[in-house]
Amino acid sequence: MRGFKHLKAVEDAGREAEKEKRSTNVFDMSGQSKFKNDACDIYAWGGGARGKLGHGDDVDEKTPRVVEALLGRNTKMTVCGLHHMMALSVSGEVFSWGAGANGRLGHGNVRDRYLPIMIGELRGMDVQVIGCHDYHSAAVCDNGDLYTWGRDMSGCLGYGSNKRP
(Lines give C-alpha, C1' and ligand atoms only; values in the text may rest on other atoms or scores of the structure.)
Protein backbone atom coordinates (compact mmCIF):
# COMPACT_ATOMS: atom_id res chain seq x y z
CA MET A 1 0.00 0.00 0.00
CA ARG A 2 2.94 2.34 -0.52
CA GLY A 3 1.11 4.06 -3.39
CA PHE A 4 -1.53 5.40 -1.02
CA LYS A 5 1.12 6.88 1.27
CA HIS A 6 2.79 8.40 -1.79
CA LEU A 7 -0.44 10.06 -2.95
CA LYS A 8 -1.22 11.17 0.62
CA ALA A 9 2.11 12.99 0.75
CA VAL A 10 1.33 14.73 -2.54
CA GLU A 11 -2.15 15.65 -1.37
CA ASP A 12 -0.69 17.13 1.81
CA ALA A 13 1.79 19.13 -0.29
CA GLY A 14 -1.14 20.26 -2.42
CA ARG A 15 -3.06 21.53 0.59
CA GLU A 16 -0.04 23.55 1.66
CA ALA A 17 0.28 25.02 -1.84
CA GLU A 18 -3.42 25.94 -1.89
CA LYS A 19 -2.87 27.95 1.27
CA GLU A 20 -0.44 30.03 -0.80
CA LYS A 21 -3.07 30.41 -3.59
CA ARG A 22 -1.29 27.84 -5.72
CA SER A 23 -2.24 24.29 -6.60
CA THR A 24 -0.25 21.14 -7.20
CA ASN A 25 -0.44 18.63 -10.02
CA VAL A 26 -0.51 15.12 -8.61
CA PHE A 27 0.96 12.07 -10.29
CA ASP A 28 2.21 8.66 -9.33
CA MET A 29 5.02 6.59 -10.81
CA SER A 30 2.75 3.77 -12.02
CA GLY A 31 1.95 5.71 -15.18
CA GLN A 32 -1.25 7.22 -13.81
CA SER A 33 -1.89 10.93 -14.02
CA LYS A 34 -4.14 13.37 -12.28
CA PHE A 35 -5.73 16.15 -14.31
CA LYS A 36 -6.61 19.53 -12.88
CA ASN A 37 -8.53 22.31 -14.58
CA ASP A 38 -6.46 25.02 -12.95
CA ALA A 39 -2.80 25.59 -13.71
CA CYS A 40 -0.23 24.31 -11.26
CA ASP A 41 3.38 23.47 -10.51
CA ILE A 42 4.86 19.98 -10.68
CA TYR A 43 6.70 18.32 -7.82
CA ALA A 44 8.76 15.17 -8.44
CA TRP A 45 10.67 12.77 -6.21
CA GLY A 46 11.96 9.21 -6.17
CA GLY A 47 14.62 7.67 -8.39
CA GLY A 48 16.34 10.31 -10.51
CA ALA A 49 18.30 8.07 -12.90
CA ARG A 50 18.70 9.46 -16.44
CA GLY A 51 17.07 12.75 -15.44
CA LYS A 52 13.56 11.38 -15.11
CA LEU A 53 12.66 13.78 -12.27
CA GLY A 54 13.42 16.85 -14.38
CA HIS A 55 15.68 18.54 -11.84
CA GLY A 56 18.71 18.75 -14.13
CA ASP A 57 20.60 15.87 -12.52
CA ASP A 58 20.29 12.16 -11.78
CA VAL A 59 20.03 12.48 -8.00
CA ASP A 60 17.33 10.56 -6.12
CA GLU A 61 14.95 12.79 -4.15
CA LYS A 62 13.35 11.59 -0.91
CA THR A 63 10.92 14.49 -0.62
CA PRO A 64 8.85 16.43 -3.17
CA ARG A 65 10.87 19.03 -5.08
CA VAL A 66 9.43 21.48 -7.61
CA VAL A 67 10.44 21.00 -11.25
CA GLU A 68 11.83 24.51 -11.64
CA ALA A 69 12.09 24.38 -15.44
CA LEU A 70 8.29 24.28 -15.63
CA LEU A 71 7.52 27.09 -13.17
CA GLY A 72 5.14 29.54 -14.80
CA ARG A 73 4.25 27.14 -17.63
CA ASN A 74 0.69 26.60 -16.33
CA THR A 75 0.88 22.83 -16.30
CA LYS A 76 -2.47 21.03 -16.36
CA MET A 77 -1.39 17.39 -16.80
CA THR A 78 1.61 15.17 -16.12
CA VAL A 79 2.22 11.55 -17.05
CA CYS A 80 4.96 9.12 -16.11
CA GLY A 81 6.59 6.37 -18.12
CA LEU A 82 9.10 3.87 -16.83
CA HIS A 83 12.10 6.20 -17.25
CA HIS A 84 10.58 9.40 -18.63
CA MET A 85 7.87 11.95 -17.94
CA MET A 86 5.79 14.45 -19.89
CA ALA A 87 3.84 17.56 -18.98
CA LEU A 88 1.07 19.42 -20.82
CA SER A 89 0.50 23.14 -20.38
CA VAL A 90 -2.87 24.89 -20.48
CA SER A 91 -1.82 26.41 -23.82
CA GLY A 92 -1.18 22.96 -25.34
CA GLU A 93 2.63 22.87 -25.09
CA VAL A 94 4.09 19.42 -24.41
CA PHE A 95 7.34 18.94 -22.51
CA SER A 96 9.27 15.70 -22.00
CA TRP A 97 12.36 14.61 -20.08
CA GLY A 98 14.21 11.54 -18.81
CA ALA A 99 15.53 8.56 -20.78
CA GLY A 100 15.53 9.23 -24.52
CA ALA A 101 16.11 5.67 -25.75
CA ASN A 102 13.92 4.61 -28.70
CA GLY A 103 12.90 8.22 -29.30
CA ARG A 104 10.30 8.10 -26.53
CA LEU A 105 10.84 11.80 -25.68
CA GLY A 106 9.82 13.01 -29.14
CA HIS A 107 12.82 15.26 -29.80
CA GLY A 108 14.05 13.45 -32.92
CA ASN A 109 16.97 11.76 -31.18
CA VAL A 110 17.68 9.24 -28.40
CA ARG A 111 19.51 11.52 -25.96
CA ASP A 112 18.53 11.60 -22.31
CA ARG A 113 17.15 14.97 -21.17
CA TYR A 114 17.68 16.04 -17.57
CA LEU A 115 15.37 19.05 -17.82
CA PRO A 116 11.92 19.36 -19.44
CA ILE A 117 12.13 20.39 -23.10
CA MET A 118 9.22 21.38 -25.31
CA ILE A 119 8.45 18.89 -28.09
CA GLY A 120 8.81 21.14 -31.13
CA GLU A 121 6.89 18.88 -33.54
CA LEU A 122 3.74 19.36 -31.45
CA ARG A 123 3.96 23.16 -31.26
CA GLY A 124 0.72 24.81 -32.36
CA MET A 125 -1.24 21.54 -32.56
CA ASP A 126 -3.57 22.27 -29.61
CA VAL A 127 -2.68 19.10 -27.68
CA GLN A 128 -5.37 18.21 -25.12
CA VAL A 129 -4.20 14.91 -23.61
CA ILE A 130 -0.83 13.19 -23.28
CA GLY A 131 0.21 9.67 -22.31
CA CYS A 132 3.32 7.61 -21.94
CA HIS A 133 4.26 4.06 -21.14
CA ASP A 134 7.56 2.24 -20.71
CA TYR A 135 9.07 2.94 -24.15
CA HIS A 136 6.61 5.15 -26.04
CA SER A 137 4.51 8.29 -25.74
CA ALA A 138 1.37 9.79 -27.26
CA ALA A 139 -0.54 13.04 -27.65
CA VAL A 140 -4.15 13.70 -28.66
CA CYS A 141 -5.02 17.03 -30.29
CA ASP A 142 -8.24 19.01 -30.09
CA ASN A 143 -9.23 17.82 -33.58
CA GLY A 144 -8.88 14.18 -32.50
CA ASP A 145 -5.53 13.48 -34.20
CA LEU A 146 -3.38 11.00 -32.27
CA TYR A 147 0.41 11.23 -32.44
CA THR A 148 2.60 8.40 -31.13
CA TRP A 149 6.37 7.97 -30.93
CA GLY A 150 8.99 5.75 -29.34
CA ARG A 151 9.51 1.99 -29.52
CA ASP A 152 6.89 0.22 -31.61
CA MET A 153 6.78 -3.19 -29.89
CA SER A 154 4.07 -5.41 -31.34
CA GLY A 155 2.45 -2.49 -33.13
CA CYS A 156 1.72 -0.49 -29.96
CA LEU A 157 2.21 2.82 -31.82
CA GLY A 158 -0.72 2.01 -34.08
CA TYR A 159 1.08 1.93 -37.42
CA GLY A 160 0.02 -1.65 -38.17
CA SER A 161 3.55 -3.06 -38.03
CA ASN A 162 6.79 -2.56 -36.16
CA LYS A 163 7.99 -0.06 -38.78
CA ARG A 164 6.77 3.47 -39.29
CA PRO A 165 5.48 4.37 -42.75
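Two strands are said to pair if DSSP finds at least two bridges between them, and strands themselves (E, at least two residues), like helices (H or I, at least four residues), are DSSP runs numbered from the N terminus. The structure described here is a predicted model, in which local features need pLDDT of at least 70 and side-chain atom pairs count only at pLDDT 80 or more, whereas totals for chains, interfaces and linings use all residues. Residues are numbered from 1 along each chain as its sequence is written, and side-chain values use heavy atoms, with hydrogens and water left out.

In β6, Phe-95 is the bridge partner of Ala-87, and β5 and β6 run antiparallel, joined by five bridges. The hairpin of β5 and β6 has four residues between the strands, and within this hairpin Gly-92 takes a positive phi near 95 degrees. Strand β4 (residues 75-80) is likewise joined to β5 by five bridges in an antiparallel arrangement, with Met-77 standing opposite Leu-88 of β5; these two strands form a hairpin with three residues between them. Six of the six residues of β5 are buried, where buried means under 20% relative accessible area, exposed over 50%, and partly exposed in between (1.4 Å probe, protein chains only). In a regular strand the side chains alternate between the two faces of the sheet. In β5 both faces are covered, with His-84, Met-86 and Leu-88 buried on one side and Met-85, Ala-87 and Ser-89 buried on the other.

An open sheet of three strands has the order β8-β9-β10, with antiparallel pairing. Strands β8 (127-132) and β10 (146-150) stand at its edges, and because each has a single partner strand, one side of each is left without a neighbour in the sheet. Neighbouring strands of this sheet are turned by 15 degrees against each other on average, direction ignored; the axes are lines fitted to C-alpha atoms, for helices over the stretch in contact, and angles run from 0 to 180 degrees between N-to-C directions. Strands β8 and β9 (residues 136-141) pair over five bridges in the antiparallel sense, and Val-129 stands opposite Val-140 in β9.

Several residues in loops and at a strand end were also examined. His-107, placed in the loop between β6 (94-98) and β7 (113-118), is buried, with a relative accessible area of 19%. The side chain of His-107 makes a polar contact of 2.7 Å with the side chain of Ser-96, a polar contact being a pair of N or O atoms within 3.5 Å; within protein, one must be able to donate a hydrogen and the other to accept it, and residues adjacent in sequence count only if both atoms are side-chain atoms. Gly-46, which belongs to strand β2 (residues 35-46), counts as partly exposed at 26% relative accessibility. Leaving aside neighbours within four places in sequence, Gly-46 is in contact (heavy atoms within 4.5 Å) with Leu-53, Asp-60 and Glu-61.

Arg-50, in the loop between β2 and β3 (61-66), has a positive phi of about 60 degrees although it is not a glycine. Asn-74, found in the loop between β3 and β4, is not a glycine either and has a positive phi of about 55 degrees.
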